[in-house]
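Welcome, and please load the model in your viewer.

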Amino acid sequence: MDETETAPSPSRADSSRSRLVEAAVRAFAEKGFHGTTTRDIATGAQMSPAALYVHHRSKEELLFVISREGHLATLELLRRARAADPDPAEQLRQAVRDFAVHHARGHTRARIVNYELAALSEPHLAEINGLRRAIDAELRGIVVDGVATGRFACPDPRIAAAAVLSMGIDLARWYREGGGWSPEDVGERYAEIALRIVGA
């Protein structure tokens with residue numbers, strides 16, 4: 001039975017949405033958002049083009065779903081790092097290590113999340129920008145706390161936090177499997193570099 005003929009069951013709908021998201025990730029990574037058609041995504045998910053619209057209104061909505069999931073995951077790992085230890089140095093170490101591992105393991109998805117933002121509609125971009133501000137605030141908060149407690153010595157916590165975040169985001173651009181470094185290797189080295197940036 002074609003998926004457009006009847007409303008899918010909840011579990012089937014979740015599975016179909018997940019397949020479409022994964023197919024969109026692959027297609028956007030290969031062709032870019034603007035070079036990807038809804039037919040490309042549907043074909044990648046082994047579904048009919050019409051079935052895509054049962055679950056998502058457009059390919060832009062799929063991009064928003066991918067971007068929102070990625071930003072929420074990053075925000076959550078930063079919040080966990082801040083809550084895990086009272087020492088800002090340990091918070092920063094865990095935050096940067098987890099952030100780097102997350103971006104290295106999911107570098108294809110992270111590349112889409114960070115470099116296709118201009119394709120989002122204004123309301124969706126506004127929501128993503130809100131999440132990006134929250135992410136920035138979490139990391140900047142760690143650095144500010146470190147300076148206030150004397151654990152860090154950096155003249156401008158905001159710039160230091162931006163530098164650390166940029167370092168992690170850029171992983172999505174260059175990291176590939178088989179390059180000699182595991183995600184965990186990169187995470188540990190990035191954590192050490194981040195502590196140097198803030199003057200720990």
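Helices (H or I, at least four residues) and strands (E, at least two) are here DSSP runs, numbered from the N terminus. Switch to cartoon view and you will find nine helices and zero strands in the protein. This is a predicted model, in which local features need pLDDT of at least 70 and side-chain atom pairs count only at pLDDT 80 or more, while totals for chains, interfaces and linings use all residues. Residues are numbered from 1 along each chain as its sequence is written, and side-chain values use heavy atoms, with hydrogens and water left out.

**The whole chain**

Show the C-alpha trace: along its principal axes it spans about 65 × 35 × 30 Å. Colour by relative accessible area, where buried means under 20%, exposed over 50% and partly exposed in between (1.4 Å probe, protein chains only). Of the 200 residues, 44% count as buried.

**The core**

A nonpolar core is a set of buried Ala, Val, Leu, Ile, Met, Phe, Trp, Tyr and Cys residues joined through side-chain atoms within 4.5 Å. Select Phe28, Ile41, Ile66, Leu92, Leu139 and Phe152, which touch the most other members among the 53 residues of the largest such core. Helices supplying at least two residues each include α1 (10-31), α7 (122-148) and α9 (183-197). The most comes from α4, with eight residues.

Now centre on Phe152. Setting aside residues up to four places away in sequence, its contacts include Pro88, Leu92, Ile142, Val147, Leu195 and Ala200.

Points are joined across faces, edges and corners, and a volume is the space filled by probe spheres set on them.

Select Gly70, Thr74, His103, Val113 and Asn114, which lie nearest the centre of the largest pocket, out of 19 lining residues. This pocket holds about 340 Å³ of space. Its lining has seven nonpolar, seven polar and five charged residues; Ala, Val, Leu, Ile, Met, Phe, Trp, Tyr, Cys and Pro count as nonpolar, Asp, Glu, Lys and Arg as charged, and the others, Gly among them, as polar.

For the largest cavity, of about 50 Å³, select Leu78, Ala95, Val96, Phe99, Ala100, Leu139, Val164, Leu165 and Gly168. The largest share of this lining, four residues, comes from α5.

**Last stop**

Stay on α5 and pick Arg93. Is Arg93 buried, partly exposed or exposed? Its relative accessible area is 27%, so Arg93 is partly exposed. Leaving aside neighbours within four places in sequence, Arg93 is in contact with Ala191 and Leu195.

How values were computed: Contact = heavy atoms within 4.5 Å. 1 Å grid on protein atoms, 1.4 Å probe; cavity = no way out; pocket = protein on both sides within 12 Å on 5 of 7 lines; lining within 4 Å.
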